[in-house]
Amino acid sequence: MKSLIFFIIGFALALAVLFLWNLQYFRQRRKKRKEELQEHPERKTSATKIIIFSILATYYIAFAVGVWVVVTKDFYQLSVLLTFVGGVTAAAVAFYCWKAKAENLLKIKAAYPELSGTLSDFSGMTQ
């Protein structure tokens, strides 16, 4: 138990030293990133993409654990695993598509101010 505590303390100290050693590099990169975003604001990563990516990354880690359980422990849980795969992925992708659609409809309305109506009126638009 004592060696585990020393290991955790040593690991935390090593991370702190590495962070402090690279602090100036982090500041330079942050400054450069801000300058790039001012020059090219279209390259900015949206928060929604980061959130969806985080959800899907966490999901695939859980999926790998689920596959391990199905393969090594209980094959009869395959239907639960497949439901887990389909449900979460469909919800995340559907939400992102709905959000992208709403943003695009706002852009269309801004580009063509002569169009009147609400966003739901524009949802059935075709060319």
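Q: How many aromatic pairs does a search of the whole structure find?
A: The search finds 4 aromatic pairs. Rings of Phe, Tyr and Trp (its six-membered ring) pair if their centres lie within 6.5 Å; planes under 30 degrees apart are stacked, over 60 edge-to-face, and the rest tilted. This is a predicted model, where local features need pLDDT of at least 70, side-chain atom pairs count only at pLDDT 80 or more, and totals for chains, interfaces and linings use all residues. Residues are numbered from 1 along each chain as its sequence is written, and side-chain values use heavy atoms, without hydrogens and water.

Q: What kind of pair do Phe7 and Phe11 form?
A: A stacked one: 6.2 Å centre to centre, with 20 degrees between the planes.

Q: Where do those two, Phe7 and Phe11, lie?
A: Both are in helix α1 (residues 2–21), 4 residues apart, about one turn of the helix. Helices are DSSP runs of H or I, at least four residues, numbered from the N terminus.

Q: Is Phe7 buried or exposed?
A: Phe7 counts as exposed because its relative accessibility is 57%. The cut-offs are under 20% relative accessible area for buried, over 50% for exposed, and partly exposed in between (1.4 Å probe, protein chains only).

Q: Which residues do ring pairs link into a cluster?
A: Phe19, Tyr25 and Phe26. Tyr25 is partly exposed at 47% relative accessibility. Phe26 is partly exposed too, at 33%.

Q: Switching to α3. Which residues are buried there?
A: Thr48, Ile52, Leu56, Tyr59, Gly66 and Val70.

Q: What do the buried residues of α3 pack against?
A: They pack against α4 (78–111). Contact means heavy atoms within 4.5 Å.
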